[in-house]
Amino acid sequence: MNKYSELATAVINNVGGKENVKSLRHCITRLRFVLKDESIANDEIIKSMKGTIGLVKAAGEYMVVIGEHVPEVYKEVCTQLGLPTSNVKAEVSKEKKSFLDKALGVIRSGLGPTLNIMCASGVLKGILVILQMCGVPAESGICMLANAAGDAFFYCLPVIMGYNVAKHLEIDPFYGLILGASMIYPSIQNVDVSLLGLTVNTSYTSSFLPVLFGLLISAPIYKFLQKKLPSVVKGFMTPLITLSIAFPLTFVVIGPIAEVLSNGMNIAINFIFELSPLVGCTILGGIWQILVMFGIHSLIVMFAFYAVMAGNPSLMLASTWTVCFGIVGILLATFAKSRDQQVKSAALPAAVSAVFGVTEPGMYGIVVPRKVLLGISCIAGACAGLVVGVFNMKIYSYAGMGVIGLLSFLNPENPQFFPIVLAVLVPLFVGFGLTTILYKDEKSTVKEQLDEMHIVQMPVNGLVKNITESSDEAFSSEALGKGIVIFPENGEVAAPVSGMVKTLFPTKHAIGIVADDGTEVLLHIGVNTVNLQGKYFTTHIKQGDRVEAGDPLVSFDKQAIEKEGYSTEVLVTITNGSDYRDIIHLHKGALITGQPVLRGVV
């Protein structure tokens, strides 16, 4: 069991279980589920559980925001679901999707799995520009090799697209690789190729739409042949026949049409922003974090992004690149000004994350719950876009996000640093300054919100059942109050509410806490463990202490107690149930410490 096992289990349970997962992939901060029925997922628990930052539902996906550890959590979720860890479908969905959904899915599949390698290539190209600015000759060995390594990804884009898209379309990915490689074969680039009465003179290197369209034609042919050909020959005959039909058609007919379409979209996008760079860049910069928050930012800039891959600099992308530094300013000011230790402890690491372009931890943890900070983030983003518009800055390659991604702004022909510095400092100082002036601490942490709602949290990791299923008759009869029984995974018990320790039994196996909202909670560890007289128990508090939800209360040696013949089930009851109209169970099953589990309805 790794350290993300409990979180993965809790996420799976609260999205409706394995049977409710239609497909799963991940991006840089989110687990992106497609669920069969989103209505049965426990949204509030997903939002408040320890290890998640937030929840977004958009574009048909149920996105659980994890943060920088999402790759590790994703692997563990896939392991528990029995899926390969490669952003592939859990099963083939039979549900009909719109043409737009299908098209975006195919486009996303092309470069999504290769963002890290693409980033590395872009950084290399940025370093190459700096080397040449420092006087290293372009014809030197180091520059030639750096240029080859940096250009290889973009030059071979059809090959990479071919492999990934074929995999998405559920045909042999090596067929897609060969189709892409055929499209960029050196001897047929920029020469007259005549076929079917047509003559084509073009190059498909660094392109993406031609091979994508070619695979959309190839896929039904490939699948048809796989069904109809005899097993003894279909292994090689299927790709042979498909390639013989699809490659000439793609190169001579489909490719030129796709190139016209791609160039047309690029011209349209650039025309809009070049018609009024200040307006276009300012607006997009201002709403960018809102688009990120809803997980639809990649759809907005997708074609501009692909245009950059094809060697066409983008003003549109540039207007979004330094928006993250506005969030950095907001988070640093929040850290400096807030007196709430929980806010301060969350703000600083989130600011570091935002420096590298990952703003979701700061957005969901600090900015979104506070309307004034959300407004400031839009203003700071607009200022970032405004600077880009004033200096007509463009993105020339993809070098990643945040501070590393600034290399993307370096024009190989005329690199300038002053506009880049300004595009970073302006949103940073605007975010910092406005936050310093306008921000005030307010109750907005998950824990405080739970306290206000008469919520009792999980005190220990384990399997939750109704208290009537306890082996202790006094508790199972609900004579001591309504509640739950937990079959714990470990022996670390935390406070389920914030309040005062009213009772601590000398035997250390039972603790009574009066919460700040008046809820009276009794925790009882084990059945008949009073007989142990405190043996195997270690307390971390004393009677009369104040505790916060999640603070350690007591540790017990689970294995030793069970070896003595005692059950270690943990019983949690609300003893003043008569003060409430009802005591409701928020969730059952495998849960982790800190998740809301009981609620008193006033």
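**Strands and packed helices in a predicted model**

Strand β4, which covers residues 61–65, is mostly covered, since five of its five residues are buried (buried means under 20% relative accessible area, exposed over 50% and partly exposed in between, with a 1.4 Å probe and protein chains only). Strands and helices here are DSSP runs numbered from the N terminus, with at least two residues (E) for a strand and at least four (H or I) for a helix. This is a predicted model, in which local features need pLDDT of at least 70 and side-chain atom pairs count only at pLDDT 80 or more, while totals for chains, interfaces and linings use all residues. Residues are numbered from 1 along each chain as its sequence is written, and side-chain values use heavy atoms, with hydrogens and water left out.

**Strand β4 and its partner**
- Both faces of β4 are covered, with Glu 61, Met 63 and Val 65 buried on one side and Tyr 62 and Val 64 buried on the other.
- Strand β2 (residues 30–35) runs antiparallel to β4 and is joined to it by four bridges, where two strands count as paired if DSSP finds at least two bridges between them.
- Phe 33 has Tyr 62 in β4 as its bridge partner.

**Helix α7 and its neighbours**
- The axes of helix α7 (residues 157–168) and helix α8 (residues 173–183) come within 7 Å and cross at roughly 155 degrees, which makes α7 roughly antiparallel to α8.
- Axes are lines fitted to C-alpha atoms, for helices over the stretch in contact, and angles run from 0 to 180 degrees between N-to-C directions; angles under 35 degrees count as roughly parallel, over 145 as roughly antiparallel, 65 to 115 as roughly perpendicular and the rest as oblique.
- In the contact between these helices (heavy atoms within 4.5 Å), residues of α7 including Pro 158, Gly 162 and Ala 166 meet residues of α8 including Phe 174, Leu 177 and Ala 181.
- By class, the contact of α7 with α8 has eight nonpolar, three polar and one charged residues (Ala, Val, Leu, Ile, Met, Phe, Trp, Tyr, Cys and Pro count as nonpolar, Asp, Glu, Lys and Arg as charged, and the others, Gly among them, as polar).
- Helix α9 (residues 209–228) packs against α7 at an angle of about 30 degrees, with the two axes 9 Å apart.
- Here Pro 158, Met 161, Gly 162, Val 165 and Ala 166 in α7 meet Val 211, Leu 212 and Leu 215 in α9, and the residues of this contact divide into seven nonpolar, one polar and no charged.

**A buried threonine**
- Thr 435 lies in helix α20, which spans residues 418–438, and Thr 435 counts as buried because its relative accessibility is 0%.
- Leaving aside neighbours within four places in sequence, Thr 435 is in contact with Ile 330, Ala 333, Thr 334, Lys 337, Leu 373 and Ile 376.

- Strand β12 (residues 510–515) is largely enclosed by the rest of the structure, because five of its six residues are buried.
- Strand β11 (residues 499–504) pairs with β12 in the antiparallel sense over five bridges, and Met 500 stands opposite Val 514 in β12.
- The hairpin of β11 and β12 has five residues between the strands, and Lys 508 takes a positive phi near 70 degrees.
- Strand β13 (residues 520–525) also pairs with β12 in the antiparallel sense over five bridges, with Glu 520 in β13 as the bridge partner of Val 514.
- Four residues lie between β12 and β13 in their hairpin, where Gly 518 in the turn has a positive phi of about 100 degrees.
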